Every structure is written in structure tokens, then in C-alpha cells.
There are 2 protein chains.
Amino acid sequence: MPNPTAAMLVIGDEILSGRTRDANMHYLAGQLTERGIDLKEVRIVGDEAAEITGAAKVLSERYDHVFTSGGIGPTHDDITADCIAAAFDAPIDVRDDARALLADFYEKSGRELNAARLRMARIPDGAALIDNPVSVAPGFSLQNVHVMAGVPSVFKAMVASVLPTLTGGAPLLSETLRVVKGEGDIAGPLGVLAEQFDDLSFGSYPFQQDGIYGANLVVRGTDETRLNAAMDALRETFA
Amino acid sequence: MPNPTAAMLVIGDEILSGRTRDANMHYLAGQLTERGIDLKEVRIVGDEAAEITGAAKVLSERYDHVFTSGGIGPTHDDITADCIAAAFDAPIDVRDDARALLADFYEKSGRELNAARLRMARIPDGAALIDNPVSVAPGFSLQNVHVMAGVPSVFKAMVASVLPTLTGGAPLLSETLRVVKGEGDIAGPLGVLAEQFDDLSFGSYPFQQDGIYGANLVVRGTDETRLNAAMDALRETFA
């Protein structure tokens with residue numbers, strides 16, 4: 001059975017303007033690979049409703065899971081929850097279970113649960129809350145879309161909350177061989193091996209250091225025996 | 001006149017598997033912002049022809065420019081040039097001008113211009129070469145798609161080659177005010193200011209450090225006078 005597929009949707013003007021360097025994509029990619037869920041596509045869009053809703057729709061139809069990052073805080077540009085609700089025609093309002101979490105948290109910390117903070121309790125009907133042990137305001141899963149915060153510490157905590165609830169596949173294994181030869185000299189024999197082991201994926205990632213040309217050859221697959229056989233063949237070819 | 005728009009297409013299984021953390025998107029974003037070209041969307045896809053061609057088509061229709069990163073080396077998984085040619089129904093083959101560059105380079109370095117390396121001279125008919133001062137193998141611009149290498153040092157060099165040839169707009173200016181207040185206390189008054197200065201964009205990026213809650217408030221726009229007025233208003237509001 002093939003692994004489940006996934007896409008990620010990163011939301012935020014600050015990423016597209018270059019102000020902030022996104023860290024969540026790389027983190028999620030590693031987590032999904034470990035769990036045997038194949039990340040097939042990532043999109044990054046700005047804080048614009050039509051873009052967010054449109055991308056969420058397309059991706060949720062094409063892939064088994066969609067993970068979003070960003071746009072669920074209390075400020076005017078935090079519109080992700082409403083956009084995801086719109087993508088599925090789901091009603092959305094402040095929901096009692098989310099409000100209770102926030103009320104308790106702000107009461108304990110002596111801060112006010114004002115109108116802005118209440119926005120973070122806007123959760124679509126039918127969505128399951130995603131636990132946020134860092135700053136309480138929850139994410140949510142609506143159908144196959146998992147809506148999470150952009151702040152990296154909160155994003156990580158939410159990924160840890162939601163991933164165990166999803167069915168994974170065979171974890172993707174990978175092995176690397178460092179070859180000190182120009183990639184152009186590697187390419188021919190590497191292509192032959194890639195055809196021979198066509199159930200595995202072969203990648204070549206060139207480097208250049210102090211005038212030395214080389215490449216890291218990476219073989220990926222889910223079957224350890226095949227992976228070992230391919231690595232043996234690689235080592236023999238490039239010894 | 002509104003600024004030109006752009007999208008980026010990052011290509012590579014190694015990004016989606018989490019093996020490599022992409023650095024080119026963040027770099028390009030900053031460069032485009034300085035030049036007054038608005039990066040509106042980024043997509044990351046794997047080394048699959050249909051995905052690359054499909055995304056290139058859609059993005060080239062929607063935006064003024066598309067910048068791609070990755071997949072133009074000598075190995076079997078380097079298929080970007082052929083995919084971009086296919087997106088525009090352009091014939092592609094080893095082209096004399098690109099071959100001459102490579103022949104000269106490999107002759108001087110005493111390495112062989114073999115079949116694998118010759119793949120890097122595959123350039124679509126009608127494309128303009130993008131200079132690569134790092135490792136010679138050129139990128140190219142076909143219509144509004146600019147095809148560049150994934151290796152960050154080469155990507156940067158190619159961006160420096162191609163950006164001066166494009167017409168930019170007014171550079172996006174930004175100013176930041178650090179406010180030590182919970183984002184939920186900031187959100188209300190910030191929303192009011194955002195409506196008042198609706199020609200500017202207001203962002204709020206929360207942080208939490210040693211138990212202190214705060215946010216960096218970022219105002220972006222192309223008109224310096226308006227930006228200064230907004231910053232004055234922000235400082236007065238959150239003093």
C-alpha cells in the first residue's frame with residue numbers, strides 16, 4: 001500500500017517579503033518522513049483570503065493531508081481559521097470548548113480575555129481541536145486540513161499533538177554515500193543504478209569545497225534490504 | 001503603477017523529504033523586495049515532470065515573473081530545463097552557445113565534457129542564457145520564467161545576473177516597533193491603525209522570551225512619508 005500523501009500551506013506576508021525565514025516547513029518535512037507520510041508539495045501564500053482558501057481547497061482535494069502554518073493569532077491579519085472554514089463551507093464562530101481553554105489560561109495569568117484574544121477561539125463547526133501546550137490557543141483539524149500556528153515553538157508542539165492521530169505508512173529510510181568526483185562523472189553510472197533499482201529513489205547533491213568537486217549520493221526507500229543492496233552497488237561503482 | 005509580481009518554484013525531492021533546508025527562497029524574497037518586485041507565492045515540488053511543468057504553467061500565467069531553483073545539473077533527476085521547455089511547447093536540445101561555455105570550462109579544468117555534463121547545455125529555443133560565474137553551466141530565461149540552479153552559491157550568482165535585467169517597482173520599505181505587551185492587548189488598537197493607513201500593510205509577529213510576551217509590529221509600504229506617519233502613530237498608541 002502506498003504511503004499517505006501530504007501538502008503544506010505556509011501563510012504569511014512576512015515569509016514572502018523575506019523578513020522572516022520559515023522554519024516550519026523543514027521541521028514538518030522531517031517529521032512526516034519519519035512517520036511514513038509523503039510530503040508532495042508546499043505552497044507559501046500571503047495574508048489574503050482568496051489565496052488561502054483557494055490553495056486549501058486544491059491541496060485538500062489532491063492530498064490525504066494538508067498542514068497549515070500561520071495566521072491563527074489575535075490580530076487583524078490572522079484570517080486562516082475563517083479561510084479554512086470557507087474552503088469547506090463550514091460555519092465558524094467562537095466555540096465554547098476553545099473559549100473555555102482561553103478563559104482559564106488568561107484568568108490564571110491575570111490578563112484579560114478581550115475581543116482580540118477571543119478571535120483565537122473561532123473554530124469551525126465539526127473541527128477537532130489541536131492541543132497547544134505552549135500558549136493554549138488551539139489549532140484544529142477540519143476534514144483533512146490541520147491548522148497550526150506559525151510561531152515555531154507552537155507549531156512544533158501542535159505537530160506533536162496531531163501526528164500521532166494520523167495513520168502513517170512505512171517510514172522513508174535513506175542512506176548517503178559521499179563521492180569525491182565531479183557530478184558530471186558520477187551522473188552516467190548513477191543513472192544506470194537508478195534504473196536497476198527503480199523501486200528506490202536516487203538523488204545527487206553536489207558540493208564544491210576548497211577546489212574539490214564531489215556529491216552526496218542519497219538513496220531513499222522503505223525496504224531496508226533493497227536499500228542495503230543499492231548502497232553496496234553504489235560503493236562498488238564509485239570505489 | 002503597481003509593482004510587478006513574482007512567484008518562485010523550488011524543485012527537489014531533498015527539500016520535501018526534509019534532508020535539505022531550502023535557503024534560496026528566503027534569499028530571493030529579500031532581493032525581490034529590495035527591487036520592488038512583489039513575491040506573491042512560492043511552490044515547492046519534487047523531481048516529477050508533470051508537477052514541475054504544471055506549476056510552471058500556472059505560475060507563469062498568474063504572475064509577471066517566475067523564478068525556479070533546482071534540477072539543472074547533470075544527473076538523471078535534473079529535469080527542470082526539459083519541463084520548462086514543455087510548459088511553453090518550446091523545442092529543446094544541446095545548444096551551441098551553452099556547449100561552447102562548458103567546453104571551454106572543462107578543457108581548462110582538464111575534465112571531460114561527457115554526455116552527462118552536456119545535459120547542462122540543453123537550453124530551449126528562444127531562451128536567453130543566465131550567466132553563472134561560479135560553475136559556468138548557465139541558467140536561462142524562457143518568456144517570463146527564469147531557471148536557476150539549486151546550489152545556493154550558484155543560485156545567488158544567477159539572481160545577481162538576472163535581476164538587473166528586470167524592471168522593478170518602488171522598493172518595499174519596512175519599519176519595526178518592538179512592543180512589550182501581549183499580542184491580544186495589541187490587536188485591537190493595531191487593527192484600528194491598519195484601517196486608518198490602508199495603503200500600508202501592518203503585521204504583528206509575537207514573541208515570548210523569559211516569560212515576557214511581546215510582538216514586533218512591522219509596517220510595510222512604498223511611500224516613506226506615509227510610513228513615517230504610521231510609525232509615529234504606532235509609537236504614540238503603544239508608548
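**Close-up views of a predicted model**

**View 1. Helix 2 and helix 7 of chain A cross with right-handed geometry.** In this predicted model, the axes of helix 2 (residues 24-35) and helix 7 (residues 152-162) of chain A come within 10 Å and cross at roughly 20 degrees. Angles under 35 degrees count as roughly parallel, and helix 2 of chain A and helix 7 of chain A are therefore roughly parallel to each other. From helix 2 of chain A, the contact involves N24(A), Y27(A), L28(A) and Q31(A); helix 7 of chain A contributes P152(A), F155(A), K156(A) and V159(A). Sorted by class, the residues of this contact are five nonpolar, two polar and one charged.

**View 2. Chain A is assigned two domains.** Domain 1 of chain A covers 5-165, and domain 2 of chain A covers 173-238. Their C-alpha centres are 37 Å apart.

**View 3. An open sheet of three strands in chain A has the order 9-11-10.** The pairing in this sheet is antiparallel. Strand 9 (173-179) and strand 10 (201-209) of chain A are the edge strands, each pairing on one side only. On average, and with direction ignored, neighbouring strands of the sheet are turned by 20 degrees against each other. Strand 10 of chain A is joined to strand 11 (residues 212-221) of chain A by nine bridges, and the two run antiparallel. Within this pairing, P206(A) stands opposite A215(A) of strand 11 of chain A. Helix 8 (residues 183-196) of chain A packs on the sheet and touches strand 9, strand 10 and strand 11 of chain A. The direction of helix 8 of chain A makes about 170 degrees with that of strand 10 of chain A.

**View 4. Three strands of chain B form an open antiparallel sheet in the order 9-11-10.** Strand 9 (173-179) and strand 10 (201-209) of chain B stand at the edges with a single partner strand each, so one side of each has no neighbour in the sheet. Neighbouring strands here are turned by 20 degrees against each other on average, direction ignored. Strand 9 of chain B runs antiparallel to strand 11 (residues 212-221) of chain B, and seven bridges join them. R178(B) has N216(B) in strand 11 of chain B as its bridge partner. Helix 8 of chain B packs on the sheet, in contact with strand 9, strand 10 and strand 11 of chain B, and its direction makes about 170 degrees with that of strand 10 of chain B. Helix 9 of chain B also packs on the sheet, touching strand 9, strand 10 and strand 11 of chain B; the direction of helix 9 makes about 5 degrees with that of strand 9 of chain B.

**View 5. A hairpin links strand 10 and strand 11 of chain B.** Two residues lie between the strands, and D210(B) takes a positive phi near 50 degrees. The two strands run antiparallel and are joined by nine bridges. Q208(B) stands opposite Y213(B) in strand 11 of chain B.

**View 6. Helix 8 (residues 183-196) and helix 9 (residues 224-238) of chain B have axes that come within 11 Å and cross at roughly 155 degrees.** This angle makes helix 8 of chain B roughly antiparallel to helix 9 of chain B. Their crossing is right-handed. I186(B), P189(B), L190(B), L193(B) and Q196(B) of helix 8 of chain B meet R226(B), A233(B), L234(B), T237(B) and F238(B) of helix 9 of chain B. By class, the contact has seven nonpolar, two polar and one charged residues.

Note on methods. Residues are numbered from 1 along each chain as its sequence is written. Chains are lettered from A and ligands numbered from 1 in the order in which they are written. This is a predicted model: local features need pLDDT of at least 70, side-chain atom pairs count only at pLDDT 80 or more; totals for chains, interfaces and linings use all residues. Side-chain values use heavy atoms; hydrogens and water are left out. Domain bounds come from an automatic or database domain assignment. Axes are lines fitted to C-alpha atoms, for helices over the stretch in contact, and angles run from 0 to 180 degrees between N-to-C directions. Helices (H or I, at least four residues) and strands (E, at least two) are DSSP runs, numbered from the N terminus. Angles under 35 degrees count as roughly parallel, over 145 as roughly antiparallel, 65 to 115 as roughly perpendicular and the rest as oblique. A crossing is left-handed if the near helix is turned anticlockwise from the far one by less than a right angle, and right-handed if clockwise. Contact means heavy atoms within 4.5 Å. Ala, Val, Leu, Ile, Met, Phe, Trp, Tyr, Cys and Pro count as nonpolar, Asp, Glu, Lys and Arg as charged, and the others, Gly among them, as polar. Two strands pair if DSSP finds at least two bridges between them.
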